[in-house]
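Hi everyone, thanks for coming.

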Amino acid sequence: MAEFRMPKLGADMSAGKLVAWRKKPGERFERGEIIAVIETDKTAIEVESFVTGVLEKILVEPGDARIPVGTPLAVMTVESGTLPPIEAPRAEAAAPRAGAPAPRAAAAAPPRPAPEGARAKASPAARRRALELGVDLGSVPGTGPEGRITLEDVGQAASARPAPAPAAPESRQQRMRDAIAAAMARSKREIPHYYLATTIDMSKLDAWLEAANRERPITARLLYGVPLVKAVALALREVPELNGFWIDGRAAQSSGVHPGVAISLRGGGLVAPALHDADKRTLDDLMAAFADLVKRARAGTLKSSEVTDPTITITSLGERGVETLFGIIYPPQLALVGFGKPVERPWVAEGRVCARKVITATLSGDHRATDGHRGALFLDALGRLIQEPEKL
Amino acid sequence: MSTTQDRILRVLGDIVPELEPAELKPGVNLRDQLDLDSMDFLNFMVALHKEFGVDIPEAEYRKFLTLDGCVQYIEAAKGGKPC
């Protein structure tokens, strides 16, 4: 048996609302199937299962309560696959509930929280988890050697917290801003950003796209941003150090290239869901996937993998006239790529000055993971790839 | 209000659910008034193509930037008659 817990669907999520179950007790599901719908502060998300199994028992019914990340929502039998750590803490870390064995902390002499003012002894993993879950380590009894606070202790403390009182009516807009504020403040607090910019000649891509779209029916035309996403994905193959996450004090490269594309939502705010394996897909496939992603982002039907998988973020404010943007990295990602508005500028080519359409591409990089030199190589590769649009 | 304009506004309402037709200024850029991004605008072009059966080359998109422009283009494409 394993527990399906409130997942953490992004760095800015501390709690979510269980909107609906998509499986009933006793129902079998395959890995990747939608089993529940969770509403975060940003949007509703269809949560896919990491495992194949059977939903045995529902512990929490859908409702308006905001449920902390890590709270057990259901019990399942796992037939194959592995639950991620957030969803599979050890059984004794589960929240106490009727019929369940008494939690370990209650069995022996209760460990005491660290004295006020003292730095609580805790493993790095436990510290990080406490930060994610908003648990004050000073109030957590440690059950490890010499009273050290373990990962399970943090999970138990988070689960044992009373569910927050029903939130006062608060607009989705405000909750969205709060979520963005939390993620961006964390990014600026923790990530030493460096910023690079380069100007890229867009005349070849422009001409290629115009010719390609002229041949296509209106329903199959490509947007300007799609070849740019593909070029970023291919450039990341050349400089993979920018593609991944900062985890456990180390940069971890991702084996897949899954750029998160920033999509503004009507009424304000934004999400940046993943275009999975963008480096391997054709432009037509990427265009269809992007159109689908925008539609579902605005309809509130994104999938959990799309929210949690992005390995880098791509954003553009060019449509609103911005020529250069320096973005804030979305933790735990390692970088963000920004595109500005294509503009005509004097350009020297083959010794002559001519008018060319150019775009400013920027990179915000995490200096813990890479140096500016790697970032510069990435932008150089990006500019080079864009000069051969037919190969994208 | 012409029938053509009614149908355009209905199409636009599917893309912009919060659309208030009475507040729309027919001669002002739709993208600015309604905060349409490139995907919204492409969806608008595709929806007009399906609704009216007119071809809209990419080079002609700029003629659809205002409500008045949309009406003029579509009615011209349909032989100059309201449709």
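Let's start with one pairing: Arg28(A) has Val54(A) of β6(A) as its bridge partner. Before I go on, this is a predicted model, where local features need pLDDT of at least 70, side-chain atom pairs count only at pLDDT 80 or more, and totals for chains, interfaces and linings use all residues. Residues are numbered from 1 along each chain as its sequence is written, and chains are lettered from A and ligands numbered from 1 in the order in which they are written.

Okay, back to the strands. β3(A) and β6(A), residues 51–58, run antiparallel and are joined by two bridges. Strands here are DSSP runs of E, at least two residues, and helices are runs of H or I, at least four, numbered from the N terminus. Strands pair if DSSP finds at least two bridges between them. In chain A, the order β1-β8-β6-β3 makes an open, four-stranded sheet with antiparallel pairing. At its edges sit β1 (2–5) and β3 (28–29) of chain A, each pairing on one side only.

Now, the helices. How do α6(A) and α9(A) cross? The axes of α6 (residues 225–238) and α9 (residues 372–386), both in chain A, come within 9 Å and cross at roughly 130°. Axes are lines fitted to C-alpha atoms, for helices over the stretch in contact, with angles from 0 to 180 degrees between N-to-C directions. So α6(A) is oblique to α9(A); that's whatever is left after under 35 degrees (roughly parallel), over 145 (roughly antiparallel) and 65 to 115 (roughly perpendicular).
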